[in-house]
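Work through the two exercises below with the sequence and the model at hand. Each task is followed by a stepwise solution.

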Amino acid sequence: MPLKIIISYDGTSSDRFDREYYCKNHIPHVRRVWEPFGLLDIRPFFPGIESDKKGTICISQCVFRDKAALDAAFAAPATKELMDDIPNFTDLPMDSGILTPMKN
């Protein structure tokens, strides 16, 4: 059964988050690294943030073939490259969680 995981970045409107780099470079890199392990889809979303109140700047929904695919992708040596790329688009910490089975 496919699984969905949410990766998010929380901050304020004044925090650095380069959406263009994230969409044009990071997301395609994630696809190249994780598709061989069973990534089926990845979609970034950018909720609006009011002034300097802390909130969610970016949410990416990743869909994996199953739990084994997710575990293999996160354990892959090339996943370190993805983590090392984060400073290229933000200084904010990544938060991952909300693992949800997808219904057909």
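**Exercise 1: a loop residue**

Thr12 sits in the loop between S1 and H1; helices (H or I, at least four residues) and strands (E, at least two) are DSSP runs, numbered from the N terminus. The model is predicted, so local features need pLDDT of at least 70 and side-chain atom pairs pLDDT 80 or more, while totals for chains, interfaces and linings use all residues. Residues are numbered from 1 along each chain as its sequence is written, and side-chain values use heavy atoms, without hydrogens and water.

Task: determine whether Thr12 is buried or exposed, and list its contacts outside four places in sequence.

Step 1. Thr12 counts as buried because its relative accessibility is 16% (buried is under 20% relative accessible area, exposed over 50%, partly exposed in between; 1.4 Å probe, protein chains only).

Step 2. Leaving aside neighbours within four places in sequence, Thr12 is in contact with Ile49, Asp52, Lys53, Lys54 and Ile57 (contact: heavy atoms within 4.5 Å).

**Exercise 2: lining of the largest cavity**

Task: find which residues lie nearest the centre of the largest cavity, and which classes its lining has.

Step 1. Of the 14 lining residues, Ile7, Tyr9, His26, Val30 and Met94 lie nearest the centre (on a 1 Å grid over the protein atoms alone, a cavity is a set of points where a 1.4 Å probe fits but cannot get out; lining residues have an atom within 4 Å of a point).

Step 2. Strand S1 (3–11), helix H1 (19–34), strand S3 (55–64) and helix H3 (79–85) each give two or more residues to this lining. H1 gives the most, with five residues.

Step 3. The lining has twelve nonpolar, two polar and no charged residues (nonpolar: Ala, Val, Leu, Ile, Met, Phe, Trp, Tyr, Cys and Pro; charged: Asp, Glu, Lys and Arg; polar: the others, Gly among them).

Definitions and conventions. On a 1 Å grid over the protein atoms alone, a cavity is a set of points where a 1.4 Å probe fits but cannot get out, and a pocket is an open set with protein on both sides within 12 Å along at least five of seven lines; lining residues have an atom within 4 Å of a point.
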